[in-house]
Amino acid sequence: MASRSLDPNLVHARMERMYRPQRLIYDLTRKWYLLGRDRLVDSIAARPGERVLEIGCGTGRNLVRLGRRCPGVLLCGVEPARSMLERAERQLAGAGLTQRARLVYGTAETIEPMRDFGVDGFDHVLASYCLSIIDDPLPALERALAALVPGGTLYVVDFGSMERLPGRAAAAMRAWLARFGVRHRPEVREALRRRAGAGEGRLEEAEIARAYAEILRFSRNLCAGA
Ligand SMILES: C[S@@+](CC[C@H](N)C(=O)[O-])C[C@H]1O[C@@H](n2cnc3c(N)ncnc32)[C@H](O)[C@@H]1O
């Protein structure tokens with residue numbers, strides 16, 4: 001059977017089912033437990049003319065935050081839940097950012113920068129609490145890396161191993177996340193470590209709140225083998 005994350009129609013249906021009822025309260029409620037998003041988004045030093053892609057951009061709150069701080073940056077997002085995408089469109093419009101925003105109804109596993117956004121690649125790609133909800137996050141990770149221009153950076157913030165939280169708290173949190181098909185994905189960090197080890201780029205790792213969450217920053221080399 002095909003993996004759920006590789007069948008875009010199933011992803012669209014599953015995400016729409018999950019997020020449609022929450023789209024209006026999403027930003028308020030997630031503020032308290034999607035830790036590290038603002039820290040990571042605010043660390044993206046995007047210059048005018050550069051291009052940013054967020055995979056799984058949800059309501060667009062990260063793109064709006066980035067767009068307000070970084071003038072002249074192209075803000076792109078891909079999102080499989082139609083209702084979240086519509087919310088992102090409205091939020092970007094409300095912030096006066098429509099002119100430099102491009103949103104696509106799709107999945108991270110299938111993005112093609114030129115076909116979907118009319119650009120040959122991205123200087124910055126963000127995955128904020130997105131890879132942990134994808135059944136097999138590695139194809140999405142591969143696409144995100146392939147979408148980077150040489151010298152570009154991938155930024156990941158997501159749930160961590162929680163191994164340094166008190167046992168009961170970690171178990172309760174893991175059980176709650178599992179209800180939504182969300183879990184820590186150590187394979188993402190391992191894949192990036194392998195690439196860094198192979199000399200393809202530089203990886204920085206940071207832990208948030210006793211491994212509740214983690215931040216990964218992978219900067220692709222300017223030229224192959226550099
Ligand atoms: C927890 S939300 C995070 C939203 C946003 N990035 C944020 O930080 O608020 C996860 C998002 O990933 C999206 N998503 C799920 N599967 C995806 C896939 N295969 N490709 C791209 N996005 C996906 C969901 O629809 C949802 O909007």
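Which helix gives the most to the shell around the ligand? Helix 1 does, with three residues. Bear in mind that this is a predicted model, where local features need pLDDT of at least 70, side-chain atom pairs count only at pLDDT 80 or more, and totals for chains, interfaces and linings use all residues. Numbering starts from 1 along each chain as its sequence is written.

**Overall fold**
- The protein chain has nine helices and seven strands (DSSP runs, numbered from the N terminus: H or I of at least four residues for helices, E of at least two for strands).
- Its C-alpha atoms fill a box of roughly 45 × 40 × 40 Å along the principal axes.
- Buried residues come to 40% of the 226 in the protein chain (buried: 20 or more other C-beta atoms within 10 Å of the residue's own, with C-beta atoms placed from the backbone).

**Around the ligand**
- There are 27 residues around the ligand, and Met15, Gly56, Gly58, Ala108 and Ser128 come nearest (the cut-off is a C-beta atom, placed from the backbone, within 6 Å).
- Helix 1 (8-19), helix 4 (61-69) and strand 2 (74-79) each put at least two residues into this shell.

**The nonpolar core**
- The largest nonpolar core holds 57 residues, and Val52, Ile55, Val125, Ala144 and Val156 have the most contacts inside it (a core is a set of buried Ala, Val, Leu, Ile, Met, Phe, Trp, Tyr and Cys residues joined through C-beta atoms within 7 Å).
- Strand 5 (residues 148-159) supplies the largest share of this core, six residues.
- Beyond its neighbours within four places in sequence, Val156 is in contact with Ala127, Leu131, Val188, Ile215 and Leu216 (contact: C-beta atoms, placed from the backbone, within 7 Å).

Definitions and conventions
A residue is buried if 20 or more other C-beta atoms lie within 10 Å of its own, exposed if 12 or fewer, and partly exposed in between; C-beta atoms are placed from the backbone. Two residues are in contact if their C-beta atoms, placed from the backbone, lie within 7 Å.
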